[in-house]
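Look through the sequence and the structure before reading on.

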Amino acid sequence: MTTTLPDEATRPAVPPLRGETMLPHGSTPPNGTTPDDTARLRAAVEFVREHDTATLLPLLLPGLSGPELESLAPHCRFAHAGLLLFPTDEQDLLRRFAACGLAVDTPSQPSVVVRERLARRHGRDLADLDVRILRPRVQGPAGERRAVEVFALTVPAHSDLEAVAVHERARGHEAHLALELEHPDPLVLRGLCAVLARHGARPDGGGYNPHEDGTVLYFTTPAAGACGYRRLELYTPGDHRDALRDHLCAVPQERPDAGRSAETLLRLLTGAWTTQALAAFARLGLPDAMDPYAATGIRELARRTATRPENLATLLRYLRMLDLVAEESTTAGPPAPAGEVPGEAGEESFRLTPLGALLRADSPDTMRPLALMYGGPFYGSFAALDHTVRTGQPGFDHLFGENHFDHFARDPELADLFDRSMAASSRMFQPLPAHPVITAAARAAAPRTVVDVAGGNGELLGRILTAHPGLRGTLLERPHAVEAARRSLDAAGCGARCDYRSGDFADVPSGGDVYVLSRILHDWDDDRCREILRHCARAMPGHADLLIVERLLPADGSPSLATAWDLHMMCNVGGRERRAKHYARLLADAGLELLGHSPLPLEAHVLHARRAR
């Protein structure tokens, strides 16, 4: 039996889900046998190669067509077909990959959702089920990057897990198709769930995977669907616990039990270990000692970083779980370069991943200073979070006896680390030189001046001046920071177009055309913010614009980086993050008017204000 689209009789037939014949959900072929894992994997690969989002959705959801289909399709993409395999060992799985034309070097990571579902279905202890996820790449019909999502549960010959494998192969519980949200917007996610429900899709489980920071919602699609798959996965990056909770409430058997809740809580309680593991990774210089393309043996890495091989291996295994490094087995090979320790056969060897490379000191987008700051001064003060909640005094002030600005100003090394950690988030600045306010100033007939108030080491001002050679800049900062900014802007070739002012917020220079407050207001309480904004308003000519870069708390309470930073600012600085309406009130109190705001990378926003008419 084959299935074609109603309006396209000439379209290639839908590939079978199992074996050589397309089968209803949970059935077996006429001879009573169940296709082996290679046949099931090959069928999934062919399905992914043949379909796109617009043709797949009507197959899954009969009745979805016209404007509703056109409005739904742009918000999600067909990402993969998924299935559960039961190799006898790792080599068995790789042989099946090779037989289906899939990359045998596909990395794996632990599964959370499927592991828990299997444990519930079969009454098994979670510790007995080591389920891994692999996503070998497959091209779609127009060359799109897609994947087959393989859940692999190793079932050695004569293992008591063979009964689990027989049951799961016959019923295909985990066989599914996946749509991925193009943008992780909580409102879009809820809207898609509503459309799916309207067309007969029923919630069928889901979860949050901390290993990849993604939320997955499963649905059972209508039996009338013209597709061999009955389960649909809706995946979105990030932690969307509210939407997940509402989704799971419709599935009684999926409501968290005490055992799963304890495991979730245990993972949360070990978050501090992750912070310190990342900081140690950076402090030891491991990212700079590792190769992103070839694995290096533990003994050689220990020699390069002056560490103990046994302890280093423990740290790297933990970082492998976080995807900062990848592990490979060392086999006998060519002699090691002069001065390096040759790797022994079977020795643990690791290479750097793209995520781990962000902690290299020489990376253009390095986040190493952030790792050192969050694992250093700001780490200890979080132990006084309860003190902050009880008294209102920042934990940093309680621990060090002074606020962090004064503390860093007295320690040049800490001050330099703080400025570099601020610059480490500079990717949020990338779109700012193209902001309409900046481009309008750059096109003006007479030279215009951008005033960066408390501009740190000049990272943002340098980006703006580099992008627009006709603009001039003025940077206001503390004396020690001004010298660092001067060196930075000179190195960027912008120094000749920049003036420097040492001072406080009361010294905001007058006569500028564009004023910038980047990540300043969240350091202060409302009264101090009003004071800062009034200083800016007094200095601004009538035509001047004010751009404010901050993270905005979501109006619907959905998870966001801003919520995490709100806690951080309270504990370490005494400041806070705010919603857009809150900033609008503060601006109005200072005689300024919020005209609008637009998103930036790293969940930041740029707010645009002018003097009130």
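This is a predicted model: local features need pLDDT of at least 70, side-chain atom pairs count only at pLDDT 80 or more; totals for chains, interfaces and linings use all residues.

Among contacts in the protein between residues at least 6 apart in sequence, what percentage join residues at least 24 apart? The figure is 68%.

**Overall make-up**
- The protein contains 26 helices and 19 strands.
- Its chain content comes to 613 residues, and 51% of them are buried.

**Surface**

**Cavities**
- Five cavities of 30 Å³ or more are found in the structure.
- The largest cavity has a volume of about 120 Å³.

**Lining of the largest cavity**
- Fifteen residues, written 15 in the count, line the largest cavity.
- Those nearest the centre of the largest cavity are Val113, Ile133, Glu212, Val216 and Tyr218.
- Two or more lining residues come from each of these elements: helix 5 (113–122), strand 5 (145–153), strand 8 (214–220) and strand 9 (231–237).
- Strand 8 contributes the most to this lining, with three residues.
- By type, the lining of the largest cavity has eight nonpolar, three polar and four charged residues.

Key
Residues are numbered from 1 along each chain as its sequence is written. Side-chain values use heavy atoms; hydrogens and water are left out. Helices (H or I, at least four residues) and strands (E, at least two) are DSSP runs, numbered from the N terminus. Buried means under 20% relative accessible area, exposed over 50%, partly exposed in between (1.4 Å probe, protein chains only). Contact means heavy atoms within 4.5 Å. On a 1 Å grid over the protein atoms alone, a cavity is a set of points where a 1.4 Å probe fits but cannot get out, and a pocket is an open set with protein on both sides within 12 Å along at least five of seven lines; lining residues have an atom within 4 Å of a point. Grid points are joined across faces, edges and corners, and a volume is the space filled by probe spheres set on the points. Ala, Val, Leu, Ile, Met, Phe, Trp, Tyr, Cys and Pro count as nonpolar, Asp, Glu, Lys and Arg as charged, and the others, Gly among them, as polar.
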